[in-house]
Amino acid sequence: MSSETEKIQIVGRSDNSAQGWVSGFLGMLIFSGSLPATRLAVQEFDPLFLTALRAVLAAILALGALGVMRQRWPQRQDFVPLVMVAAGVVIGFPLLTALALQHTTSAHALVYIGLLPLATACFGVLRGGERPKTAFWLFSVLGSLLVGAFALSQGAGASWAGDLLMVAAVLLCGLGYAEGAMLTRRLGGWQVISWALVVALPLTAGVAVWAAPASWPQVSVGAWLSLGYISLFSMWIGFIFWYRGLALGGIAAVGQLQLLQPFFGLALAAWVLHESIQPSMIAVMAGVLVCVYGAKRFSR
């Protein structure tokens, strides 16, 4: 291979990596608004109906995009992973966070989002057959203990129901991210979330009809805007940028951007919802940030 060809390939990889980081950063920014928007919407919508409706609206958009782009149906071996992605990021995480936000603030819930990259890495180990170093597990346990200690420190003001729901949500989302990252290699970035939404559509549409209120309550403009945001951006557009970033820049590398999500989310919660941000929340998230970075550093 000539030196000129090698230079062209290196430049091409560098361009793809830069595009991946930009796409991943935009996806992370979009996801940062998910919990504050859900917190606002769940004050006026039933959590089950909200979860189903946002998925149905996003699935309609995804079906249109798949049709316009003339995408082929996934192969048979892709069906089970797509179901797992749907269970994790289309149904599980949105529903559990909506339920959790009935018991706690979005600022408190965002502390647990700091564990999401770690959960994704753990499921990547389990599903991908990787063998991380011992230091990986040390950082994993330390990060979990930090979050657990924070929950205990809240005393009577803490909501155990909200905390447990957030832990379950993070675990399911981590599984959905790991499965989606592996599927991206075969199906492409935006196609993964689009097909996952389509796979879940029969269930989400049925639940949306069943859980719909008999008579629509008076819903504020803010709640409608929040529903639109989590349906259009959090449920679909954010994943288009996110999975494109993972595909172009590398799953392990671009996945590090998730570490910034709680900080942007806290800023939005303070700005939009006027929630107070306790110094202990920032301190815990900083500790979790170090632990997740260390776990990623020694994951191979």
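## A helix-by-helix tour

Start by selecting helices H5 and H12: here Ser 106, Ala 107, Leu 110 and Ile 113 of H5 meet Gln 261, Pro 262, Gly 265, Leu 266 and Ala 269 of H12. What you have on screen is a predicted model, so keep that in mind as you go. To find the two partners, pick residues 106-113 for H5 and residues 261-272 for H12.

How are these two helices arranged? Their axes lie 9 Å apart, at an angle of about 175°. An angle over 145° counts as roughly antiparallel, so that is the label for H5 against H12. Colour the contact by residue class and you'll get 6 nonpolar and 3 polar residues, with no charged ones.

Stay on H12 for a moment, and bring up the aromatic rings. The whole structure holds 8 aromatic pairs. One of them is Phe 25 with Phe 264: the ring centres are 6.1 Å apart and the planes sit at 80°, so this pair is edge-to-face. Now look at where the two rings come from: Phe 25 belongs to helix H1 (residues 3-32) and Phe 264 to H12, so the partners are 239 residues apart and the pair links distant parts of the chain.

Next, select residues 79-100 (helix H4) and residues 160-187 (helix H8). These two pack with their axes 7 Å apart, at an angle of about 155°. That makes H4 roughly antiparallel to H8. Turn the view and you'll find that the crossing is left-handed. Which classes of residue make up this contact? There are 21 nonpolar, 6 polar and 1 charged residues.

Now go to helix H2 (residues 34-42) and helix H10 (residues 221-249). Their axes are 8 Å apart and the angle is about 140°, which makes H2 oblique to H10. This crossing is left-handed. On the H2 side, show Ser 34, Ala 37, Thr 38, Leu 40 and Ala 41. On the H10 side, show Gly 222, Ala 223, Ser 226, Leu 227, Tyr 229, Ile 230 and Ser 234. Sorted by class, the contact of H2 with H10 has 7 nonpolar and 5 polar residues, and no charged ones.

Last stop: colour the chain by pLDDT. The mean is 82, and 87% of the residues reach 70 or more. Then select residues 1-13, where the pLDDT is below 50. Beyond near neighbours in sequence, that stretch has 2 contacts in the model.

Conventions:
Residues numbered from 1 in each chain as written. Predicted model: local features only at pLDDT ≥ 70, side-chain atom pairs only at ≥ 80, totals over all residues. Heavy atoms only, no water. Axes fitted to C-alpha atoms, helices over the stretch in contact; angles between N-to-C directions. Helix = DSSP H or I, 4+ residues; strand = E, 2+ residues; numbered from the N terminus. Parallel < 35°, antiparallel > 145°, perpendicular 65-115°, else oblique. Left-handed = near helix turned anticlockwise from the far one by under 90°. Contact = heavy atoms within 4.5 Å. Nonpolar A, V, L, I, M, F, W, Y, C, P; charged D, E, K, R; others polar. pLDDT = per-residue confidence, 0-100. Phe/Tyr/Trp six-rings, centres within 6.5 Å; stacked < 30°, edge-to-face > 60°.
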